[in-house]
Amino acid sequence: MKITSFNPLIITRDPEAAIQVFEELGFVRRHTKEGIGETNVTDVRMKSPDGFYVDVAGGDGEYTMIRMNVDDFDETIEFLLAHGFRKPRHERASKTVDTGSSQYTMLVSPTGYIMAISQHFRERD
């Protein structure tokens, strides 16, 4: 398993306000992915001049998770499950979502923090 990126993912009812805060800190929008999952979420990936990343997405709550992009999705899920991670209890959150260019799912750590695990399909080659 190789981790290809690791950064915060902020889910908020007001993503534009959060994006504005990060823009004021010098982050720029690098990528926007729309229509993700059953609820058509929009995710905005942002990068600072120093190379730090943050993702901001709209949602029905206010929470932050850790986004971890990997080169082998299945291996990573197996590894984390073997180390005490579990699928979220909410049915929609426990599904693996295919965005067309990537796949992702959420797992909950033994201590309760949420990890969003993703793999971009272009990285499979």
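Q: Which strands of this predicted model each supply at least two residues of the lining of the largest pocket?
A: The model is predicted. The lining of the largest pocket draws at least two residues from each of several strands. These strands are E1 (3-12), E2 (28-36), E3 (41-47), E4 (53-58), E5 (63-70), E7 (102-108) and E8 (114-120).

Q: How much space lies in the largest pocket, and which residues are closest to its centre?
A: The space in the largest pocket comes to about 1200 Å³. Its lining is made of 44 residues. Closest to the centre are Leu9, Ile36, Val41, Asp43 and Tyr104.

Q: How do the residues of the lining of the largest pocket divide into nonpolar, polar and charged?
A: Asp counts as charged, while Leu, Ile, Val and Tyr count as nonpolar. Sorted in this way, the lining has 16 nonpolar, 14 polar and 14 charged residues.

Q: What is the bridge partner of Ile36 in E3?
A: E2 and E3 pair in the antiparallel sense, over six bridges. Their hairpin has four residues between the strands, and Gly37 there takes a positive phi near 70°. Ile36 is among the residues closest to the centre of the largest pocket. Its bridge partner in E3 is Val41.

Q: How many aromatic pairs are there, and what is the angle between the planes of Phe22 and Phe27?
A: The count of aromatic pairs is two. In one of them, Phe22 and Phe27 lie 5.2 Å apart, centre to centre. Both of these residues are buried. Planes over 60 degrees apart count as edge-to-face, and the pair of Phe22 and Phe27 is edge-to-face at 80°.

Q: How far apart in sequence are the parts that the pair of Phe85 and Tyr113 ties together?
A: Phe85 and Tyr113 form an edge-to-face pair, with 6.1 Å centre to centre and 85° between the planes. Phe85 lies in the loop between helix H2 (73-82) and strand E6 (97-98), and Tyr113 in the loop between E7 and E8. The pair therefore ties together parts whose separation in sequence is 28 residues.

Q: Is Tyr113 buried, partly exposed or exposed?
A: Buried means under 20% relative accessible area, and exposed means over 50%. Phe85 counts as buried because its relative accessibility is 11%. Tyr113 has a relative accessible area of 39%, so Tyr113 is partly exposed.

Q: What is the radius of gyration of the chain?
A: The chain has two helices and eight strands, in the pattern β-α-β-β-β-β-α-β-β-β. For 125 residues the globule rule gives 14 Å, and the chain is close to that value, so it is as compact as a globular protein of that length. The radius of gyration is 14 Å.

Definitions and conventions. Residues numbered from 1 in each chain as written. Predicted model: local features only at pLDDT ≥ 70, side-chain atom pairs only at ≥ 80, totals over all residues. Heavy atoms only, no water. 1 Å grid on protein atoms, 1.4 Å probe; cavity = no way out; pocket = protein on both sides within 12 Å on 5 of 7 lines; lining within 4 Å. Points joined across faces, edges and corners; volume = space filled by probe spheres on them. Pairing = 2+ DSSP bridges. Phe/Tyr/Trp six-rings, centres within 6.5 Å; stacked < 30°, edge-to-face > 60°. Buried < 20%, exposed > 50% of the residue type's maximum accessible area, 1.4 Å probe, protein only. Rg over C-alpha atoms; globule rule 2.2 N^0.38 Å.
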